[in-house]
Amino acid sequence: ILKHLKNIPLGHAHCDIPCKIYDPMIAQIAALSVVRLLDIIKEVGGQGNVSLEDQNTISRCIFRKEEEAEKVKKEVRVIWGDYFKKPQLDLFPEIHELTHGIMQKASACKQEIGRENGEQLIILVNRFAEIFWETKKIKTVTRECPYPPNLPTIYPAH
C-alpha cells in the first residue's frame, strides 16, 4: 500500500495544532476543578469518622486533583511554548516567570490539600489567560464561574 504513496507532496507545519485554536480555557477549567476537588476532600474528610465509602471518595478526588493539576501544566506549557513568539514576549516579558509560577503552584496543588494553593493557581492561570487574549487584541471580562467553586474567571468579552 505505501509504495503507491510516492507522489504525495511533502507538507510542513509550524504548530502542533492548527493555528489560531489555542485557548487557555482548558487550563482555567482544570484549575477550577482542582479547587473544587480540594473542597470535596475537605468536606468529606472533615467529618471525623470517615467511612470506607468516604475514603473511596477522598482517594478518587486526590487522583483527579493530581490529573487536573497536571492538565493545567500541560495546557499552559503548550501555549507558552508553541504560541508565544518574540512579538508576544516583547509585549509581555512577565510570561516566562508567570508560566514558571503556574508550574510551581500546580505542583504544590498536587502535593498538598490547601485550598489557598488552588486559589493562587486560578489567579495565575487567569493572568495567563488575560495576557493570551491581550496578544490577540481581544478584551476580557472577569466573571464568577457559574459552578462550584464559583471563583472569578477571565473570559473573552465577545
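Is Tyr-83 buried or exposed, and at what relative accessibility? Some notes on that and on the packing around it.

1. Ground rules. This is a predicted model, where local features need pLDDT of at least 70, side-chain atom pairs count only at pLDDT 80 or more, and totals for chains, interfaces and linings use all residues. Numbering starts from 1 along each chain as its sequence is written, and side-chain values use heavy atoms, with hydrogens and water left out.

2. Tyr-83 itself. Tyr-83 counts as buried, at 13% relative accessibility. Buried here is under 20% relative accessible area, exposed is over 50%, and partly exposed is in between (1.4 Å probe, protein chains only). Tyr-22 is buried as well, at 6%.

3. The tyrosine pair. Tyr-22 and Tyr-83 form a tilted aromatic pair, with 6.1 Å centre to centre and 55 degrees between the planes. Tyr-22 sits in the segment before helix 1 and Tyr-83 in helix 2, 61 residues apart, so to speak a link between distant parts of the chain. For the cut-offs: rings of Phe, Tyr and Trp (its six-membered ring) pair if their centres lie within 6.5 Å; planes under 30 degrees apart are stacked, over 60 edge-to-face, and the rest tilted.4. The structure holds five aromatic pairs. Ring pairs join Tyr-22, Tyr-83, Phe-84, Phe-128, Phe-132 and Trp-133 into a cluster. Both Phe-132 and Trp-133 are buried.

4. Helix 2 against helix 5. Helix 2 and helix 5 (residues 115-135) pack at about 25 degrees, with their axes 12 Å apart. That makes the two helices roughly parallel; angles under 35 degrees count as roughly parallel, over 145 as roughly antiparallel, 65 to 115 as roughly perpendicular and the rest as oblique. By class, that is nine nonpolar, one polar and no charged residues. Ala, Val, Leu, Ile, Met, Phe, Trp, Tyr, Cys and Pro count as nonpolar, Asp, Glu, Lys and Arg as charged, and the others, Gly among them, as polar.

5. Helix 1 against helix 2. Helix 1 (residues 25-45) and helix 2 (residues 52-83) pack at about 160 degrees, their axes 8 Å apart. The two are therefore roughly antiparallel. Their contact residues divide into 16 nonpolar, three polar and six charged.

6. How the geometry is set up. Axes are lines fitted to C-alpha atoms, for helices over the stretch in contact, and angles run from 0 to 180 degrees between N-to-C directions. Helices (H or I, at least four residues) are DSSP runs, numbered from the N terminus.
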